[in-house]
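Please open the structure in your viewer and keep the sequence beside it.

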Amino acid sequence: MSSQATDGSTYTSTHDSTVLEGYIKYRTAVNCCPHLLPVLKPTDSVLDMGCGPGSISVDLASRVPLGHLTGVDLSEKALEKARELAVDKKLTNTTFLTADIYSLPFPDDSFDAIHVHQVLQHVTYPWTAASELRRVLKPGGVLAVTESDLGGCIWSPESPGISLWSAVYPKVQRGNGGEPFAGRVLHTWLLKGGFSRDDMEISSGSWCFATPADVKFWGIETWYHRLQLPEFRKGSVERELCTEDDVQTMYEGWKEWAMSEDAWFSIPHGRVLARK
């Protein structure tokens, strides 16, 4: 997604270069959409909605060698990274383009599979987006969605800075038009978007950051960095959700946590595999 969507919502995570590089470094099909992989066929036409810089996209494209992967995002900056990544991987079955999740430029019944990862939580009307995704999905096709739930985060050691972050950041995301506790209500959005409960496989998963490399990625490269971006201050301090001192407490808390030898963090996700 770009920073500003057509519904007025703002992508809280931003498309800062360091953020995009972090996605490329960490996100793969295996750790982001394991519920989709068993049902993919080599000939499938796949839509990766909100594909960002394309790390999951190229992974999915490699699994449909006789099919095609179309990646869609509102951020041209992110799509440039995705195209570069596809070239690096020597993939010839990918297309990346800008489009709006509420009005996709594809005919009805276009795709065998649609992948959506951490996207619906950032839009104001996720059920409307789900309805549009259902429109372009072929009969019998699958929609695989994953959305995190910040209300279920747990970590060690205890950190006043991270505790403050867990209270403030959801308010910032809601102020931007999103839903930070999306994982627990994801299935209800799809129901409202026209999918049948009988055609859904509802599950959950989590990310755990415990190795030194993962702790550095999550603590320093992700949150220590993001909380110092002007976009976060605009969404937090300027809305009087916290003070400048609070922001410093939060990002310093993440830094201290990441430097701890016993640092551990887990964030849950809601997952749905829905058929049309």
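Where is the place of D109? Select D109, and the viewer will show it in the loop between strand 3 (94–98) and strand 4 (111–117); helices (H or I, at least four residues) and strands (E, at least two) are DSSP runs, numbered from the N terminus. Before going further, note that this is a predicted model, in which local features need pLDDT of at least 70 and side-chain atom pairs count only at pLDDT 80 or more, while totals for chains, interfaces and linings use all residues. Residues are numbered from 1 along each chain as its sequence is written, and side-chain values use heavy atoms, with hydrogens and water left out.

**Two positive phi angles**

Although D109 is not a glycine, it has a positive phi of about 60°. D109 is partly exposed, with a relative accessible area of 36%; buried means under 20% relative accessible area, exposed over 50%, and partly exposed in between (1.4 Å probe, protein chains only).

Next, select Q118, in the loop between strand 4 and helix 5 (126–136). Q118 is not a glycine either, and its phi is positive, at about 55°. Is Q118 buried or exposed? Its relative accessibility is 7%, so Q118 counts as buried.

**A cis peptide bond**

Move on to S156 and P157. A cis peptide bond joins these two residues, with omega at about -5°. P157 lies in the loop between strand 6 (154–156) and helix 6 (160–175).

**Two packed helices**

Two packed helices are described by the angle between their axes and the distance between the axes. Select helix 1 (residues 17–26) together with helix 4 (residues 76–88): they pack at an angle of about 35°, and their axes are 11 Å apart. Axes are lines fitted to C-alpha atoms, for helices over the stretch in contact, and angles run from 0 to 180 degrees between N-to-C directions. Which residues make the contact? Helix 1 supplies S17, L20, E21 and I24, and helix 4 supplies K77, A78, K81 and L85; contact means heavy atoms within 4.5 Å.

**The nonpolar cores**

Now select W165, W218, W254, W257 and F265. These residues have the most contacts inside the largest nonpolar core, which has 51 residues. A nonpolar core is a set of buried Ala, Val, Leu, Ile, Met, Phe, Trp, Tyr and Cys residues joined through side-chain atoms within 4.5 Å. Helix 10 (residues 244–258) gives the most to this core, with six residues. Centre the view on W254: leaving aside residues up to four places away in sequence, W254 touches I162, W165, W218, G219, W223, Y224, L227 and F265. Another core, of 29 residues, lies apart from the largest one and includes I101, A130, L137 and F195.

**A tryptophan in helix 7**

Select W189, in helix 7 (residues 186–192). W189 is buried, at 8% relative accessibility. Among the residues that W189 touches are L120, P126, W127 and A130.

**The cysteines**

How many disulfides does the count give? The count comes to zero, a disulfide being a pair of cysteine sulfur atoms within 2.5 Å. The sulfur of C153 is 12 Å from the closest cysteine sulfur, in C208, which is too far for a bond. For C242, the closest cysteine sulfur is in C153, 17 Å away, and this is also too far for a bond. C153 is buried, with a relative accessible area of 11%, and C242 is buried at 8%.
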